[in-house]
Amino acid sequence: MPIIELQGVSQEFGGLRALDGIDLKVEPNAIFGIIGPNGAGKTTLFNVITGIYAPTEGRLFFHGTDIASLSPYKVARLGIGRTFQNIRLFNRLSVLDNVKVAANWKRASGLLASLLGLPAYVREQRECSAKAEELINMMGLYEKRMEYAQSLSYGEQRRLEIARALAANPSLLLLDEPAAGMNSAEKLELMELIWKIRDDMQLTILLVEHDMHLVMNICETIAVLDYGRKIAEGDPAQIKSDPRVIQSYLGVER
Amino acid sequence: MTLLEQWITEIIDPYYLRILILMGINIIMVLGLNITTGVTGQLSMGHAGFMSLGAYTSAILTLELGIPFWLTLLAGAAVAAVFGFIIGLPALRLEGDYLAMVTIGFAEIVRVFFLNFEPGGKAVGLSGIPQQTTFSLVLLLTIVVIFFTQRLLSSRIGKAMYSIRENEIAAEACGINTTHLKVLSFVLGAFLGGLGGALYAHYMYYINPQDFDFMRSIEMLNMVVLGGLGSIPGAIVGAAILTVLPEMLRIVAEYRLLFYGALLVILMIFRPNGLLGDIRLYDLLKGKRKEEVKACQS
């Protein structure tokens, strides 16, 4: 069964059709790339999957359940984590708290237990901190765990967003332009990291990215969007040689 | 407790004692507003409405039914909390300026309601409320409230509230039920506003609707902003300073409000994040550690 499946998903804003009948299937444990020119609807697609928009038409299945009408926090709780194209961190919380916030929603204890500091709550929080520290360490941010998120460098902020997205143990991770603004050394590190996350945590990664070198190297399957339509899907070699993709996005080498 | 009270009233001048009690009441209410506005980022400009509900509820219960004082305190806070819940609901759809308008409107409705409310004495207000709020009680409640808000803000619920202020979309994407927490922040804020109002009513002998007008809401918002949004020490310091400041400015008589305004402007220019808004204990300790390291090296 595909981990996520879109059937004829369309999204309209007023008269603008940002997504137009998208069909997409992503198999478990894949690294799946979505590319296309600016304004093709890539981020809109992510926003539809994560529940920020309810699609105008079409159906959206995650592990076989229809999630098209769920609110974002419920989608997140089902196991979809994401990062944002324009980084959205909790700037005036520490690095550790950024990750803990995301790791914490599934804890059972309520307001009273937190106020009174009951033993069950304390134990939960210790587990939660341990989990968050492990992720932060994996992203190479352990030294900075007590710094405010806003004081991190750009690349560090991107890594922190990934750590936060992983905190709730998602089975599907959406990365929206993770390499934007990174230099080539950082991009190489990022590729290693994405492989490591996929293999260690057994999750599926859906990736929007403009850096063709990274996309072609890392993705097993790629879908190409243009004006809200899917114009091609296949492995990197097929995509590179597809005449429609070359015409609308990749361009001709001279 | 009574011993402490006797001792306090003996050694502290009644004028200063009065300022200290009002300061404690303000701290309690401002810690409440800080949860709604400072931590969760939901701009509330109608905190006096909650204070008013707490004050009138407790005063009427005392005067009409003779219910024990501590029960009227709880009742005042609970009634305010119920209205906090009701006001929290529009907060789910509104942000920033629009939410501010709704909260201003709410506080005005409460004020006008009590202007026309027979058991509340209409415009004349209620008088003869027994003065049961003592210094030691206010001190005790202030400490309890500080303790529990500290627990709340460092808990997972508190951090989730901060995350809503910092980035609501990201908070949702992290699995946080922002709807639930925004309403909770209004309920908790209103509860403390109502508690403060109930204490106030039982200290002043006399309350009337004008005690809880728009300026009172603004004054409490000033305390939160001046101290630093979301900071507990900030809320305490902000409430303390803005309680004492008008008293100290009595020397300039009719220019009092002018000086008060000017001082606020100056403070905000030099500390735009509030007095303690961007200071963490961790950083202070770290700074100290760095100095120690330097001292060792030299």
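The model is predicted: local features need pLDDT of at least 70, side-chain atom pairs count only at pLDDT 80 or more, and totals for chains, interfaces and linings use all residues. Residues are numbered from 1 along each chain as its sequence is written, and chains are lettered from A and ligands numbered from 1 in the order in which they are written.

Chain A holds an open sheet of 6 strands. Strands (E, at least two residues) and helices (H or I, at least four) are DSSP runs, numbered from the N terminus. The strand order is 6-7-8-3-9-10, and the pairing is mixed. Two strands pair if DSSP finds at least two bridges between them. Strand 6 (80–82) and strand 10 (229–234) of chain A stand at the edges; each has a single partner strand, so one side of each is left without a neighbour in the sheet. From one strand to the next, the twist averages 20°. Angles run from 0 to 180 degrees between N-to-C directions, with axes as lines fitted to C-alpha atoms, for helices over the stretch in contact.

Strand 3 (residues 31–35) of chain A pairs in the parallel sense with strand 8 (residues 204–208) of chain A over 4 bridges. A:Ile34 faces A:Val208 across this pair. Strand 3 of chain A also pairs in the parallel sense with strand 9 (residues 221–226) of chain A, again over 4 bridges. In that pair, A:Ile35 stands opposite A:Val224.

Strand 3 of chain A is mostly covered, with 5 of its 5 residues buried. A residue is buried if 20 or more other C-beta atoms, placed from the backbone, lie within 10 Å of its own; it is exposed at 12 or fewer, and partly exposed in between. A:Ile31, A:Gly33 and A:Ile35 lie on one side, and A:Phe32 and A:Ile34 on the other.

Chain B has 13 helices and 0 strands. Buried residues make up 49% of its 298 residues. The C-alpha atoms of chain B fill a box of roughly 70 × 50 × 40 Å along the principal axes.

The contact between the chains takes 28 residues from chain A and 22 residues from chain B. Two residues are in contact if their C-beta atoms, placed from the backbone, lie within 7 Å. Helix 2 (72–78), helix 3 (95–103) and helix 4 (111–116) of chain A each give two or more residues to the side that touches chain B.
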